[in-house]
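This briefing concerns the structure shown below, taken topic by topic. It begins with an open space in the protein and what surrounds that space.

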Amino acid sequence: MVAREENITKASIQLHMTQPTLSRQLMQLEKELGVKLFHRGKHNIVLTEDGLLLKRRAQEILSLVEKTKGELIQKEEELIGEISIGCGETQNMSYLSEKIFQFRKQYPLVSFQIYSANADDIKERIEQGIVDIGLLTEPVDISKYDFVRMPKKERWGILTAKDLPIANEKTVSAEDLISIPLLIPGRESVKNELSNWFGERYGEVEIVARYNLILNAANMVRHHVGVALCFDLNLRYDDLQFVPLFPVLETGAVLVWKKSQMFSSATSKFIEFLRNAY
């Protein structure tokens, strides 16, 4: 609350406690942890780097607490609970959505929490226990996970403004992209995959920005910052055009979960459902 309000007096009012009590508790916490959590100014109080780390960890802990409570609430003869899935931007999300719809027809009391991010962020949340299942695009190390492979390959291309000449091409080559500012995904493994596709010309590529999700990248494309290298997500924009790469570059996708993990009844049943779908 103090981090949100940036003011101890305002925070104490929100917490229904006195300002001296809250100040004393903050100092006790700093003493216990052996770090300074706040920069205290004349008119406001803001988090230090250690304070930002503690706030982020506290949010993760609270999220895990709520998730655990939900997993423990069971009804006899009825499957109930929440399944957390981390999803990358992929057309295979359509397949997963179909499976969620079919599963809920059998188990209508089960709900889903969807977290959208890139593969690296999702893997971190799986390790923390915040996310149960991840929909990841390759290349990705799946040695620590059980998985099922998704049916659709993701095709790479560019998202470009329609008023650029390249929007009228049926495909684009590495040669076509050398003179055009590019927005590329931020994952290092994806960068290596794109580097292999460009070959020797990769050193000539002008990269103006890196992104993790396509929505803001599309906005930058719309404002002519550059064109975005991305998957064909079958999205339709009035002013933007997707053009496939040639030679064709495709990427697989997998649904993963931790090996030997103890899951809630709802998550275990959904994993079994996914396995039987193949």
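In this predicted model, the lining of the largest pocket is made up, by class, of 13 nonpolar, 3 polar and 2 charged residues. The space within that pocket comes to about 430 Å³, and of the 18 residues that line it, those closest to its centre are M1, V2, L26, L29 and F38.

**Helices around the largest pocket**

- Three helices, α1 (2–5), α3 (19–33) and α4 (49–72), each supply at least two residues of the lining of the largest pocket.
- Among the contributors to that lining, α4 gives the most, with 6 residues.

**A glutamate in α4**

- Helix α4 also contains E60, a residue that counts as buried because its relative accessibility is 16%, which falls under the 20% limit for that class.
- When its neighbours within four places in sequence are left aside, E60 is in contact with Q128 and I130.

**The largest cavity**

- The structure holds 1 cavity of 30 Å³ or more, and the space in the largest cavity amounts to about 260 Å³.
- Its lining consists of 20 residues, and of these E89, T137, P185, N212 and F231 lie nearest the centre of the cavity.
- The elements that give two or more residues to this lining are the strands β5 (133–137) and β10 (227–231), and the largest share, 3 residues, comes from β5.
- Sorted by class, the residues that line the largest cavity are 13 nonpolar, 5 polar and 2 charged.

**Cysteines**

- The structure holds 0 disulfides, and for C87 in particular the nearest cysteine sulfur, that of C230, is 18 Å away.
- C87 counts as buried because its relative accessibility is 3%, and C230 counts as buried because its relative accessibility is 6%.

**The chain as a whole**

- The secondary structure of the protein chain comes to 10 helices and 13 strands.
- The radius of gyration of the protein chain is 23 Å, whereas a compact globule of 278 residues would have one near 19 Å.
- Taken along the principal axes, the box that the C-alpha atoms of the protein chain fill is roughly 65 × 60 × 35 Å.
- Of the 278 residues in the protein chain, 42% count as buried, and C87, at 3% relative accessibility, is one of the residues in that class.
- Where contacts in the protein chain join residues at least 6 apart in sequence, 72% of them are between residues at least 24 apart.

Conventions. Residues are numbered from 1 along each chain as its sequence is written. This is a predicted model: local features need pLDDT of at least 70, side-chain atom pairs count only at pLDDT 80 or more; totals for chains, interfaces and linings use all residues. Side-chain values use heavy atoms; hydrogens and water are left out. A disulfide is a pair of cysteine sulfur atoms within 2.5 Å. Buried means under 20% relative accessible area, exposed over 50%, partly exposed in between (1.4 Å probe, protein chains only). On a 1 Å grid over the protein atoms alone, a cavity is a set of points where a 1.4 Å probe fits but cannot get out, and a pocket is an open set with protein on both sides within 12 Å along at least five of seven lines; lining residues have an atom within 4 Å of a point. Grid points are joined across faces, edges and corners, and a volume is the space filled by probe spheres set on the points. Helices (H or I, at least four residues) and strands (E, at least two) are DSSP runs, numbered from the N terminus. Ala, Val, Leu, Ile, Met, Phe, Trp, Tyr, Cys and Pro count as nonpolar, Asp, Glu, Lys and Arg as charged, and the others, Gly among them, as polar. The radius of gyration is taken over C-alpha atoms; the globule rule is 2.2 Å times the number of residues to the power 0.38. Contact means heavy atoms within 4.5 Å.
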